[in-house]
Amino acid sequence: MENSFTYFDRDLSWLSFNKRILMEAGDASVPLYDRIKFMAIYSSNLDEFFRVRVAAIRSIVDIDKRKINKRLKNDPKIILEEILNEVNSQLNEFGRIKRNEIIPQLKGEGIYLYRNEEIKSEHKEASNRFFKSKILSYLQPELLLSLDSKVFLENKQLYFALELRNIATFKEQYAILNIPSAFLPRFIQLPAIESTYYFIAIDDIIRENLDFLFPQYKIEGCYSIKLNRDADLNIEDEYEGNLVKKIRKQITKRKLGVPSRFLFDQSMPDELLKYLKEVLDLKHEDLVPGGRYHNMHDLFGLDNPKSPDLETPKLNPLNSKSIDEYNSIFEAIDKDDVLLHFPYQSYDYVLRFFNEAALNPEVTCIKATFYRIAPESFICNALISAAKNGKEVTVFVEIKARFDEQNNLKWASRMEESGIKIIYSMPGLKVHAKVALVTKEVDGEDVKYGYFGTGNFNERTAEIYADQALLTTNTDLNEELDQLFSYLAKDNEEPQFNHLLISQFNIVDRFTEMIDNEIELAKSGKKAHIIIKINNLQDDYMIDKLYEASNAGVRVDLIVRAICCLVPGVKGQSENIQIHRIVDSFLEHSRVFYFNNDGDIRLYQGSSDWMKRNLYRRIEVVFPILRNHLKMEIIKMLELQLADGVKGKLIDSQLNNLEVDSPAKVRSQRDFYEWLKVKS
């Protein structure tokens, strides 16, 4: 029998998250260059959303309306319309913040960003020199002779659409001109005048030189345009043939994906827009009006000439006393389990773990999984050294990690050439686990050291993603991890997991058991409390279990960064559920699963969100935190995040981001760092 529960639409929920990021850009209490960073993040997120999610919805509109959101029974066309309405509303707010707050505040700080205005005479020489020496070599003007003109716009790249008039014949003509922001910095610093710093977008440098590019024409109009294309890889059959070869082939086709959004300067004349729609084979729903400048994620590259002023001071990563008092990281793990918190604590400890394993003569075997590898990976280099030092090294590389396929393939090839055994993607599954296993031979016995993480083995993202990692010699956990590696290598078809929670095996059943236990405790009048901290909550089965827990009187606190399809605060459904969202300097990325169990707390961490893909179509590893003193570290983090009244918000039943009533003004990321500093 179908229940009467309600659910948020996945994509509208995600837009609520991106709006939360936009709120940081609009917060006057946030340092100026942090606000600019949040504008860049917002724009970058929206780009990917159109390339992946909107493109997918459009394909469903064209193919089968029944496949989208059966629980809401909404027509995909209605969903798409709601998405576009919300995006347009947010983009208007984005433009207002940029125009009325960011630009004036920059000017007030003595930082001048040219915007739709004539360049000062003092800057013309530098501007023209940059145009003729740098920009000109990348420009490819293309006259459009008729509606039959063959024009291809590359995914995410910037262009001008031009209205021209032939000086000799007075004939009107259109043209397309690329803006080479993929090859050159988007913002160029010009010579300072007195105490003011000046920047200009290369768009405006090109505008200043259009007469040079089109000497036989009068420039009657110049309008920014940009096309997003469907960026998903479509592997027709993962089970037959060479999957690596198929992925390499699909990567080359990604740039050719069907349009998902055509962003254009809304001041463009209707006739030109109609012409471009025909030439580019666009649909009406592809057309999204915008402003004079697109690709605002390029704001990441706007230099701060007053750095480190005008931005939040960076936190110096803390040391781990539990490791530093030993000469070797393996000696520290031998003594007790180690829990590391990134980026609050130094990621160098992870590098040390692999570096020492590569050189330690007692180490015989290293195994690891990789989902998103850093472009310049110290860890992969350490594994290459380990293989050359005679260690047996096995690495699983997920080559279906969206937008990281090419980089992962590059590193897989390099490691394979060095003698490392590489296991590639499994057909029909992604391996999203973040784990490693080092085996030492000590006095003739094997000793295993397990690494269980919530974040990727990626030195770059570790600086901005808030994650945890457990280092342990626990035999139960490490033997089961070894079984998982055997399964990935197809050496063991039926592993048994009693301590680890692994997608495809026991994860849903074990989470169900723990929720049911809290329900029974609540019905018996005992203490019952669930805290779930994840990036995304979308799976309807797990949502229904939380609704059931709420109706039984279990207090449920959710800390969900992005997608959340659970609707809180609904009578007879979710009165006892609160949803928190934290957006601050670091991207909240760790997953935590807390079950009070009448005071005998069960605490797990891992790589898995509660989405269908994580629970049913991936290999995820969720691991228990067994040592009480380490449990208290995670519980302290949770307490601070639930009390965060500075960067925390509550999600209501209308997807609004509401203020948290917290008189103490807790700012969880900063406060947790200070707590760790004292503890360390």
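This is a predicted model: local features need pLDDT of at least 70, side-chain atom pairs count only at pLDDT 80 or more; totals for chains, interfaces and linings use all residues.
A nonpolar core is a set of buried Ala, Val, Leu, Ile, Met, Phe, Trp, Tyr and Cys residues joined through side-chain atoms within 4.5 Å, where buried means under 20% relative accessible area, exposed over 50%, and partly exposed in between (1.4 Å probe, protein chains only). Helices (H or I, at least four residues) and strands (E, at least two) are DSSP runs, numbered from the N terminus.

## Salt bridges

The whole structure contains 37 salt bridges, each a side-chain nitrogen of Lys or Arg within 4 Å of a carboxyl oxygen of Asp or Glu. One of them joins the side chains of Asp204 and Arg292 (3.7 Å, N to O). Because Asp204 belongs to helix 5 (202-208) and Arg292 to the loop between strand 9 (287-290) and helix 9 (321-324), this pair ties together parts that are 88 residues apart in sequence. Asp204 is buried, at 6% relative accessibility, whereas Arg292, at 23%, is partly exposed.

Another salt bridge is formed by the side chains of Asp482 and Lys448 (3.7 Å, N to O). Asp482 is in helix 14 (475-488) and Lys448 in strand 16 (445-453), 34 residues apart.

Residues are numbered from 1 along each chain as its sequence is written, and side-chain values use heavy atoms, leaving out hydrogens and water. Local features need pLDDT of at least 70 and side-chain atom pairs count only at pLDDT 80 or more, while totals for chains, interfaces and linings use all residues.
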